Amino acid sequence: MHVFVLGLSKTGKSTLARAIADDWKGHVIAFDPLGDPKWKASADFVTRDFDEFAKIYQTNRSCLCVVDECHLIKDMKHKTILMNMNAVGRHYGHTNLFIGHRVTSVPKGARMLSERFLVFRQAPDDTKEIYGDYPHDAIKSLPQLQRGEYLDFDTFNCEKRKIF
């Protein structure tokens, strides 16, 4: 399964992602380019080195694989690895949890391969983009969501939730 957790700064996406990791019934590996010390309590393996993360990803099976701040990945080699994770991760039994800011920072191909979105407040242009892919009426409310509120949706369902 591939899940995107997206939202503007300070909306609750890292809190939600760590809660998912804390509830996970298996190994959690995390790429955290900013080195947030809170990930050490939620993950079995944490690194700021994407190449190291990719090796661990490929040599393990059935993990929750967290890529925090995925919008910061600019290197084409690493973007290609990220796209491959999205395309073949399920064959390794992994669940990928990609955390980023804006819907428009996620390539459309990657969005279309994802099964679930947990989306916090977004700018109007991002809202329009995701509504074009997933036309749930509730998505139009993304710019008005308050801190901690998010939409949990896939192709067929959409629910409003709150993390705190």
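The legends below describe close-up views of a predicted model. Residues are numbered from 1 along each chain as its sequence is written, and side-chain values use heavy atoms, without hydrogens and water. Local features need pLDDT of at least 70 and side-chain atom pairs count only at pLDDT 80 or more, whereas totals for chains, interfaces and linings use all residues.

**View 1. The aromatic pair of Tyr 57 and Tyr 92.** The structure holds eleven aromatic pairs (rings of Phe, Tyr and Trp, the last by its six-membered ring, with centres within 6.5 Å; planes under 30 degrees apart are stacked, over 60 edge-to-face, the rest tilted). Among them, Tyr 57 and Tyr 92 are edge-to-face, at 5.9 Å centre to centre and 80° between the planes. The pair links distant parts of the chain, 35 residues apart: Tyr 57 is in helix α3 (residues 50-59), Tyr 92 in the loop between α4 (76-88) and β5 (95-100). Helices (H or I, at least four residues) and strands (E, at least two) are DSSP runs numbered from the N terminus. Tyr 57 is buried at 2% relative accessible area, and Tyr 92 is partly exposed at 24% (buried, under 20%; exposed, over 50%; partly exposed, in between; 1.4 Å probe, protein chains only).

**View 2. An aromatic cluster.** One cluster is formed by Phe 4, Phe 98, Phe 117, Tyr 134 and Phe 153.

**View 3. Positive phi at Lys 10.** Lys 10, not a glycine, has a phi of about 65°. This residue lies in the loop between β1 (2-6) and α1 (13-23) and is exposed, with a relative accessible area of 71%.

**View 4. Positive phi at Glu 69.** The phi of Glu 69, a residue other than glycine, is near 55°. Glu 69 sits in the loop between β4 (64-67) and α4 and is buried, at 14% relative accessible area.
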